[in-house]
Amino acid sequence: MNLILLIVGCFMDTTPAILVLAPILLPVATSIGLDPIHFGLIMVTNLAIGFITPPLGINLFVASRISDSPMEVILKGIVAFIIIMLIDLMLITFIPEIVMFLPNLMK
C-alpha cells in the first residue's frame, strides 16, 4: 500500500489522490487491522513524500522558481530530506503506537 501511495503521490496532487483513493483503500486497510486514523496518517505521509519527489514534484518546481536555482541544485539539497521522510514513513507504518498514542488516550 505504501508503494502504491508513493507512486500516486509522484504523479497526482494530494487532495484528488485522497478523494479518489481513500474510499478504495480504507476498506482494505481496516480488513487487515489498521485503525482508520493510522491509515489516514500513512496515506497523508506517503502523498507528502510523493509531492516532493520527481518527476512531477510540484514543490520542487515552486522551490526552483522562488530561489531562482536550477532543478539540479534543488534535487541535490532535498535528497537527505527524502531519506529522512522515508525513515519516518517506515516508523509510522510499522510502529503504530507512535501515532496512536494520543488517539488511544481519548478512548
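L3 is found in helix α1. In this predicted model, L3 counts as exposed because its relative accessibility is 61%, and the cut-off for exposed is over 50%. L3 also belongs to a nonpolar patch on the surface, together with I7, F11, M12, L19, V20, I24 and L56. The accessible area of these residues together is about 800 Å². Two elements, α1 and α2, each give two or more residues to the patch.

The chain as a whole has six helices and zero strands. Read from the N terminus, the order of elements is therefore α-α-α-α-α-α. Along the principal axes, the C-alpha atoms fill a box of roughly 50 × 25 × 20 Å. Of the 107 residues in the chain, 30% are buried. The accessible surface comes to about 6800 Å², and carbon and sulfur atoms account for 78% of that surface. When contacts between residues at least 6 apart in sequence are considered, 64% of them join residues at least 24 apart.

Helix α3 covers residues 36–51 and has 16 residues. From its first C-alpha to its last, α3 reaches 22 Å, which is close to the 22 Å expected at 1.5 Å a residue. At the start of this helix, a side-chain oxygen of D35 comes to within 2.9 Å of the backbone nitrogen of I37.

The buried residues of α3 are H38, F39, I42, M43, T45, N46, L47, I49, G50 and F51. An α-helix has 3.6 residues a turn, so residues three or four places apart point the same way. Pairs such as H38 and I42 can be found in the list of buried residues.

Leaving aside residues up to four places away in sequence, T45 touches L89 and I92. The C-alpha atom of T45 is separated by 8.7 Å from that of D88, although the two residues are 43 residues apart along the chain. Within the chain, the side chain of T45 also reaches the backbone oxygen of L41 at 2.7 Å.

A further feature concerns D68, which is found in the loop between α4 and α5. D68 counts as exposed because its relative accessibility is 69%. Most residues other than glycine have a negative phi. The phi of D68, in contrast, is positive, near 55 degrees.

Terms used
Residues numbered from 1 in each chain as written. Predicted model: local features only at pLDDT ≥ 70, side-chain atom pairs only at ≥ 80, totals over all residues. Heavy atoms only, no water. Helix = DSSP H or I, 4+ residues; strand = E, 2+ residues; numbered from the N terminus. Expected span 1.5 Å × (residues − 1). Buried < 20%, exposed > 50% of the residue type's maximum accessible area, 1.4 Å probe, protein only. Polar contact = N/O pair within 3.5 Å; in protein donor to acceptor, adjacent residues only side chain to side chain. Contact = heavy atoms within 4.5 Å. Areas by Shrake-Rupley, 256 points an atom, 1.4 Å probe, with all protein chains shown as cover. Patch = residues over 30% accessible without salt bridge, like charges linked within 9 Å, V, L, I, M, F, W, Y side chains within 5 Å. Salt bridge = Lys/Arg side-chain N within 4 Å of Asp/Glu carboxyl O.
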